[in-house]
Amino acid sequence: MAVGKEILTKIRSVQNTQKITKAMQMVSTSKMRKTQERMRLARPYAEKVRSVMGHLAQTDSDHGIKLLAPRKSVKRAGFILITTDKGLCGGLNANVLKKFLGKVQEYHQQGVEVEVVCLGSKGLAACQRIGMNVIASATNLGDTPKLEMLVGPLTEIFQRYEDEKLDVIHLVYSGFVNTMRQEPRMEVLLPIGAETLEEGSLSNEYKWDYRFEPSASTVLEYLVRRYLESVVYQALSDNMASEQAARMVAMKAATDNAGNAIKELRLVYNKSRQAAITTELSEIVAGAAAV
């Protein structure tokens, strides 16, 4: 029965793994509901700021805000790459990195230099592994996104755009569609223009104008910063909701596969046990016949 004991050991091992994946599935389900609620609560503010910025993009006034200044050509590109801190979430990070690396390769073919800000340890590890220029990063973000953890890396890349060290900034993350579907997304965060903010504009028939106090530059500089931070925060909230949904689906699939493996191992064990019993009975019958 040595083979039978080995099979029983495998069954117990798979059962222990199944308990872990089942627990992780239940935890991800609970966290997913919280992240979805947090994502929905963050949207009204982001949409309102986007609406105001869409109106401002239609004004013809030059307020001298460097973050609103367009670039004639792209010689240096920046990326804000949002990934997860933990694994076991299916192909979520792989899909985001595939989209990100495809755009990076396209820029390299055009002779454009690339700099990256990584939010999440998986993206940071991938960029370091292939030798990319990572100018700032934030990891161990936890289950609740906190803006104070993002201010440092975002300030670094926005300052480089103001100093004309970058000509365009892309935002790459996993967008939450529904529980079963998450899609990698890439948006142009800077430069901000009318085309970028068309969905935030309510109407294109009239020009919008504002009265600024104490001055247009002071108000706009603050508003542009808040707008950019709200877009990144919303993307991070989407990414976290996508992470929990993907992990829940992956752990459910792992639990189901473990159940199937246990059934197959039990079948093999029963066959082995039955074969051993049959052999013993044959030997007993043969011995009795010989006597």
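Me: What share of the chain's 291 residues counts as buried?
Reply: This is a predicted model: local features need pLDDT of at least 70, side-chain atom pairs count only at pLDDT 80 or more, and totals for chains, interfaces and linings use all residues. Residues are numbered from 1 along each chain as its sequence is written, and side-chain values use heavy atoms, with hydrogens and water left out. Buried means under 20% relative accessible area, exposed over 50%, and partly exposed in between (1.4 Å probe, protein chains only). Of the 291 residues, the share that counts as buried is 40%.

Me: In what order do the elements run from the N terminus on?
Reply: Helices (H or I, at least four residues) and strands (E, at least two) are DSSP runs, numbered from the N terminus. The chain has five helices and five strands. Their order is α-β-α-β-α-β-α-β-β-α.

Me: Of the contacts with a separation of 6 or more, what part comes from residues 24 or more positions apart?
Reply: A contact here is heavy atoms within 4.5 Å. Among contacts with a separation of 6 or more, residues 24 or more positions apart account for 78%.

Me: How many bridges join β1 to β2?
Reply: Strands pair if DSSP finds at least two bridges between them. β1 and β2 run parallel, and Ile80 stands opposite Val117 in β2. The bridges joining β1 to β2 number seven.

Me: And which residue in β3 is the bridge partner of Val116?
Reply: β2 and β3 also pair in the parallel sense, over four bridges. β2 is mostly covered, with six of its seven residues buried. The partner of Val116 in β3 is Val134.

Me: What handedness does the β-α-β unit of β2, α3 and β3 have?
Reply: A crossover is right-handed if, with the strands pointing away from the viewer, the path from the first strand over the helix to the second runs clockwise. β1, α2 and β2 make a unit of that hand. The unit of β2, α3 and β3 is likewise right-handed.

Me: Why do the buried residues of α3 sit on the same side of the helix, and what arc do they cover?
Reply: In α3 (residues 121-129), the buried ones are Gly123, Leu124, Ala126 and Cys127. They are on the same side of α3 because the arc that they cover around the axis, taken from the directions from the helix axis to the C-beta atoms, is only 165°. In general, an α-helix has 3.6 residues a turn, so residues three or four places apart point the same way.

Me: Which elements do the buried residues of α3 pack against?
Reply: On the other side of α3, Gln128 and Arg129 are exposed. The buried residues of α3 pack against β1 (76-82), α2 (92-109), β2 (113-119) and β3 (134-138).

Me: How far from Cys127 is the nearest cysteine sulfur?
Reply: A disulfide is a pair of cysteine sulfur atoms within 2.5 Å, and the structure holds zero of them. Cys127 is in no disulfide, and the nearest cysteine sulfur belongs to Cys118, at 3.7 Å.

Me: Is Cys127 buried or exposed, and at what relative accessibility?
Reply: Cys127 belongs to the buried set in α3. Cys127 counts as buried because its relative accessibility is 1%.

Me: Which residues does Glu162 touch, leaving out those up to four places away in sequence?
Reply: Glu162 is in helix α4 (residues 148-162). Glu162 is buried, with a relative accessible area of 15%. Not counting residues up to four places away, Glu162 touches Lys66, Leu67 and Arg225.

Me: In β5, which residue is the bridge partner of Leu171?
Reply: β4 (residues 168-178) and β5 (residues 181-190) run antiparallel and are joined by nine bridges. A hairpin takes β4 to β5 through two residues. In β5, Leu171 has as its partner Glu187.

Me: What is the omega of the peptide bond from Leu190 to Pro191?
Reply: Pro191 is in the loop between β5 and α5 (216-290). The bond from Leu190 to Pro191 is cis, with omega near 5°.

Me: What phi does Glu164 have?
Reply: Glu164 lies in the loop between α4 and β4 and is exposed, with a relative accessible area of 52%. Although it is not a glycine, Glu164 has a positive phi of about 65°.
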